[in-house]
Amino acid sequence: MAALQDVDRPRTTARLKTERRGNVMTILAAGDWVLGAAEPHDAALRALTFAGVATLEIDGAGLDRLDTTGAWLLMRTRRVAQMAGAKTVWLDVPDAFKPLISTIDQDCNGPPVAHLDDHGLRAFLERLGRGQMHFFGQAVSLLGFLGMVASETVATIFHPRRLRIPALVRQMEEVGLNAMPIVGLLSFLLGIVFAFQGADQLRRFGAEIFTVNLLGISILREIGAIMTAIIVAGRSGSSFTAQIGTMKVNEEIDALYTLGMNPVEVLVLPRMLALIITLPLLTVFANVMGIFGGALMSLFDLGISVPAFLRQLQGAVGTGWTFWVGIIKAPIFAFLIATVGCYEGLQVERNAASVGLLTTRSVVESIFLVIVADAIFSVLFSLLGV
Amino acid sequence: MIGEPVIKVEGLVTRVGGRVLHDGLDLELRRGEVVGVVGGSGTGKSVLLRTIIGLNRHVGGRIQVLGQDVGKLGDRDLRKLQTRWGVLFQDGALFSAQTVAQNIQVPMREHTDLSPRLMDELAAVKLGMAGLPPDAATKFPSELSGGMRKRAGLARALSLDPEILFLDEPTAGLDPISAAQFDTLVRDLQKSLNLTVFMVTHDIDTLKATTDRIAVLIDKKIRIGTFDTLVHDPHPWIQQYFSGVRGRAARAEA
């Protein structure tokens, strides 16, 4: 018996007998025609043919129990017989089962449910096309958002009183001050890792002292800025999306509009400005912590004393653009992170799942854009020779 | 029609977040009966429903469903028992990544070995019973209206031909016309499938249209009766709750 795998129902059996006398066919259904017992008769009933059958009798006299599954199997057989031109009669169906049979007769006339075809080449091409269209749609609407932010920024420059100072300060605390422990710790550890790796290689040439140059240049030019940007994208960019998205779900954004306030001015500008101000500061902090980590490693691993380290560092990066090459990038990164974070937040639809989806997307997109921008900066700086 | 007890709650005590919600609560539902649970906000109507279906643990008392003690069952036995009832959550609780047809087939695929072809036919039967058009099968829950989501949730709850149906605020958030249609649907299905229905609701029209008895949650206990007896209950909350109806009925007669 093809019983339910782990459903504890009373042991049941459904019995089926078909008889044919001349042009009359009789189906005798008896026992428990319920889920877990009736479905073995599915194939037998499906296999019946009604050629030359004038009347189909369905005899339910022996039915003990009947549920939708059993009733459907009988009903389907009846319909097939009717399609083949036979007359059908219910014989001796207990009164208790009549409401169910008439419900199925009246309400359940749909074809078997169809399933979406999401396999195969066609569906794949369709997804690909939709993805492309979505991408271009996103690009256009991001451009629109940038325009909106730009016009609000200009308006704010002419009317500085529209800038929300308390919101700005609170955001600076949140994205700047509160990020210091994690940014500091990670930069410190990266400094140690870089010093160790550099020392290990350069020792072979007896050029351990150049570990300091390696450390200074790589941290100041690249690692400090980009690591800080990536940490902040994961930490603050995502929270911009989540905060604004949650407000969108709660209709708070709509409420702002109806109260005559502009969400871009109230929500986006303070966040963007806060990030543009604090990310360069965080980058400086990250540089200091990274070099501190490197100095510590140089002291213990290479025996380079702190004064010697500082002298060498001064020689390596004390003049020229090295420090500024890193710092100049930070506000641009901040702008990208804040734009993507706020934009995706405003894209949230009115359901909870959408917040999670767009938060993830916001982080991926902002890290992607930060690295693309960094690559562009590298090309630019090499052309400029700095 | 009314048969042996299928749900039997005795001396139930539940505590949520340190607060005692039910204290010595008794309730009995017999086979084929529709019972509505009402009560003020925060009296633990939904908690009672969730406790009976095993989503909340209770601190004291006994809950017997279909002859088995819910509180004493292990995970495996509880899961077996759970396939004998269907639950409709407030907003349907449909799986959002799946189509309506797939949603209805989730319990079938998990607990039976029906052939795919028969599963597709049966899913269409459940759709029809829940009053959904055939083309709803390939839609995702997000493409449905609130009323249709509830119907789809009902179709999924009926997927394994359960003996008991639990409904949590089945008509909340529906317009009066859809709500009335849903009431009729529940009543019809109850009759044709001989279901026992336990429903939590605020909707007095639903109570009147569908229930055999009404359980009022008051002072951490249940006071149960028919619509007509409860209208005359002297308890102030019950008086207030039903006075609107009585007023309306009186106005209709005048």
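View 1. E19(A) stands opposite T26(A) in β2(A). This is a predicted model: local features need pLDDT of at least 70, side-chain atom pairs count only at pLDDT 80 or more, and totals for chains, interfaces and linings use all residues. Residues are numbered from 1 along each chain as its sequence is written, with chains lettered from A and ligands numbered from 1 in the order in which they are written. Strands β1 (14–21) and β2 (24–33) of chain A run antiparallel, joined by eight bridges. Strands (E, at least two residues) and helices (H or I, at least four) are DSSP runs, numbered from the N terminus. Strands pair if DSSP finds at least two bridges between them. Two residues lie between β1(A) and β2(A) in the hairpin, and G22(A) in the turn has a positive phi of about 60°.

**View 2. Strands β2 and β3 of chain A.** β2(A) runs parallel to β3 (55–66) of chain A, with nine bridges. V24(A) stands opposite T55(A) in β3(A).

**View 3. The contact of chains A and B.** Chain A gives 31 residues and chain B gives 30. Residues are in contact if their C-beta atoms, placed from the backbone, lie within 7 Å. On the side of chain A that touches chain B, α3(A) gives the most, with five residues.

**View 4. The two domains of chain B.** Domain 1 covers 5–84 + 164–253 and domain 2 covers 96–161. Such bounds come from an automatic or database domain assignment. Their centres, taken over C-alpha atoms, are 25 Å apart. Nine residues of domain 1 of chain B contact eight of domain 2 of chain B.

How values were computed: Contact = placed C-beta atoms within 7 Å.
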